[in-house]
Every structure is written in C-alpha cells, then in structure tokens.
Amino acid sequence: MGILGLSKLIADLAPQAIRESEIKHFFGRKVAIDASMCLYQFLIAVRSEGAQLATANGDPTSHLMGMFYRTIRLLENGIKPVYVFDGKPPDLKSVELAKRASRREEAEKALKVATEAGDVAEIEKFNRRLVRVTKEHNREAKELLHLMGVPFVEAPCEAEAQCAALVKAGKVYATATEDMDALTFGSSKLLRYLTYSEARKMPVKEFSYDKLLQLLELTSSEFIDLCILLGCDYCESIKGIGPKRAIELITSYRDIETILENIDPKKYTIPENWNYKVARELFISPEVADASSIELKWSEPDEEGLVKFLCGDRQFNEDRVRAGAKKILKSKNAQTQVRLESFFKVLPSTLSGDRKRKADEVKKSSNNKKQKGNSSGRRPK
C-alpha cells in the first residue's frame, strides 16, 4: 500500500519537488529497485492471450520474461540497476497482511462466481487481484539476475527501507518503486515508473525528498508523522482525517501527540491502542543491512548459463536469449568507454578561454613593440 494519497498531496502542494524525465536522463546512474514490486508488475502485465506465460508444466514465467527484458532496457539506457528483495515483514505489519489475506479470500469467492457465470472481464479482474509474489518467484529472479551479471541485495526486512539506506550511504542515486514510503524512510530520490514498459509511454517521475520537506516546511520527523496520519502499512489511521486535514494538522501542531491533544475525539475516531509511536520508530530506525559494507558489482553475463536457465522447460527463444546476453555485454562495454572518455574530454568553454588568452597575449605583445618603437623616435614601418 505504501502511503495513502501521498503522491497526489505532493503534486498538489509541492509540484516543484517532482520532475518528469525520459529514461535516458538517468544514464550513468546506479539505482536500487524494489524487486517484489517489479515481479508483481510483471506477473500481472506480461501475458499471452490473457494468461500468464508458463512452462510446459504450467509454472509461471511472466516474472522472468519481465525481469530479463526490462533489465536489459535499463542497461541499454546506461542505468546500473541493483534489485533489493524483501525480507521478513515487521510484526506491526501483521494487521495489514491480515487485511490483504481477507481481500484475497473475497476475490477467490468472486472469481468462482464470475467463472460460473462465464464473465470474462470479471474473471480477468479477480485473477489479477489474486496474483502474489512467492518465494519461488524470488528465488528464480535472483538466479536470473546472477546469470545476467546484475547485483541484488536481500533485505532483512522491508525492501524500501534497504533501498533508502543504500541511497543515504551514497551507494546508489535513487530508489525505484511505486510505493511512496521510500520517501518516508528518507530516500533522497524516488523514481516512479522506471520499470514500466515503453508501451505505456509513462515519463519517469523523480521525487526530491529535500525539496519536498523545504516546500512543505516540514522536518523529517514531522513528515513521518504526516505519512502515519495519511495511512501506512504499520498502523491504522484516524478516521475522518484525509490528506487535506492531515497536512493542516501537522502544519499547525507539528507532531501527532499535540494533534491528539487538540482534536475532537467525537469528530475524529482515534484507533484503540493506536501504535503510531512504534510505526514512527520503524520509519526512523528500520531494520536494514549496513549499506556501507554492501559491495555492488556488475559483471559480464553468462550467456550459456542464461540459455540453459531460460530455454528448455521455460520455453524462452534461444536466439532472443543470446541476443539479450550480447546486449547486456555491449551496454557494459559502452558504459566503460564513456567513463574513460569523460577523463579526457575538453570542455568547449575551457577551450575558448584558452584561445582568448592566447589572442590577448599576442595583441599585448604587438602593442608593446609599437610603443617601444615610438619611444625611440623611430617611424613605425
């Protein structure tokens, strides 16, 4: 879920904190990507005749197809991706996970009704709602990334928190995810729509954390409290407080404790045993691996390993897989070449400055000779 309504709130109140760019704008950037979010997108979007791509045994391969070709697209655009996988969810998230399980049960019942009625549109809708990323999907994705020479990180807890930690440590430029809570964890840059297909024609949206705080006139702790009021995965929100009211309250009272002292409990229903303090602490000090000790390395792809892994039972086209491996290698060599050239490139402004200085020196020397000749009483030739 992320943070409910945060992207719209930023667009309305701090649009200068958002910049839209083409994917090529991020050439040379290292980016931490929320792997589970990507796999979920691929399982839903990558389909053939309305059904997920699958092996001869019926096991899905849509996630592998999406991961393989979208990663190649990022590499071809000069982006160096590192995928971050979720670990164990925090205990406080159990309420949200229970809600999701309940919604799945409702979707399963609705799917059964739609199937019996032969309603194709409803069947498709509820099938999508039942899609979830499994441990096997994650395991296969990690194996694929290893063969592609692309690094990945296994977070001890939330992937977005680990991505934010990598950004803070200077290991990567930004976090790429659709969940806005990467900002709540303090990622200085958040990229949305980076892993979308080109067919969707969506520009990449880059959110600046520092600009956001400046424009909203909030500290990082006040921003965290705002996100909790909007609605997050870790605790319920106060009934009756929407995005507009939430920002008004934070601006007026600066923290949740003072807000609770000043709002009418008859008008706004405060959840019983509200765990907002624990939620706040999870955002301030999340469980993450030490980002400074994580080494990120992009290596050459294992072409034969990719063919063995993706072809055969998984039914990928061998020629396309080999072509993909060559694209990965080409993009790696191209990035290395560009980096080498950047050390020797002379800027036009510097070059023109040198020419101007030389011209001035020649002119000054000529004037000095004329003045010397005049002072000796000689007629200049």
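**Burial and packing in a predicted chain**

Guide: The chain has 16 helices and nine strands. The model is a predicted one. Of its 381 residues, 43% count as buried.

Visitor: Why is Phe316 called buried?

Guide: Buried means under 20% relative accessible area. Phe316 has 8% relative accessibility and therefore counts as buried. Phe316 is found in the loop between helix H14 (303-310) and helix H15 (318-344).

Visitor: Which residues is Phe316 in contact with, leaving aside its neighbours within four places in sequence?

Guide: Contact requires heavy atoms within 4.5 Å. With those neighbours set aside, Phe316 is in contact with Thr61, Leu64, Met65, Leu310, Cys311 and Val321. Thr61 is 255 residues from Phe316 along the chain, yet their C-alpha atoms are separated by 9.2 Å.

Visitor: What puts the buried residues of helix H9 on the same side?

Guide: The buried residues in H9 (residues 209-216) are Tyr209, Leu212, Leu213 and Leu216. They cover an arc of only 95° around the axis, and therefore lie on the same side of H9. Asp210 and Gln214, on the other side of H9, are exposed, a term that requires over 50% relative accessible area.

Visitor: What covers the buried residues of H9?

Guide: The cover includes helix H1 (6-13), helix H8 (181-184), strand E9 (204-208) and helix H10 (220-230).

Visitor: How do you know that Ser208 caps the N-terminal end of H9?

Guide: A polar contact requires N or O atoms within 3.5 Å. A side-chain oxygen of Ser208 lies 3.3 Å from the backbone nitrogen of Lys211, and Ser208 caps the N-terminal end of H9. After H9 comes Glu217, with a positive phi near 55°.

Visitor: Which residues touch the most other members of the largest nonpolar core?

Guide: In this core of 53 residues, they are Tyr83, Leu144, Leu194, Leu306 and Leu310. Helix H3 (residues 62-76) supplies the largest share of the core, six residues. Apart from this core lies another, of 45 residues, including Phe185, Phe223, Cys232 and Ile250.

Visitor: Which residues is Leu306 in contact with, beyond its neighbours within four places in sequence?

Guide: Leu306 is in contact with Phe68, Leu144, Leu147, Met148, Pro301, Cys311, Val321 and Ala325.

Visitor: What share of the contacts between residues at least 6 apart in sequence joins residues at least 24 apart?

Guide: The share is 70%. As for the accessible surface of the chain, it comes to about 21,500 Å², of which 50% belongs to carbon and sulfur atoms.

Methods. Residues are numbered from 1 along each chain as its sequence is written. This is a predicted model: local features need pLDDT of at least 70, side-chain atom pairs count only at pLDDT 80 or more; totals for chains, interfaces and linings use all residues. Side-chain values use heavy atoms; hydrogens and water are left out. Helices (H or I, at least four residues) and strands (E, at least two) are DSSP runs, numbered from the N terminus. Buried means under 20% relative accessible area, exposed over 50%, partly exposed in between (1.4 Å probe, protein chains only). The arc is that of the directions from the helix axis to the C-beta atoms. A polar contact is a pair of N or O atoms within 3.5 Å; within protein, one must be able to donate a hydrogen and the other to accept it, and residues adjacent in sequence count only if both atoms are side-chain atoms. A nonpolar core is a set of buried Ala, Val, Leu, Ile, Met, Phe, Trp, Tyr and Cys residues joined through side-chain atoms within 4.5 Å. Accessible areas come from the Shrake-Rupley method with a 1.4 Å probe; for residues, only the protein chains shown count as cover.
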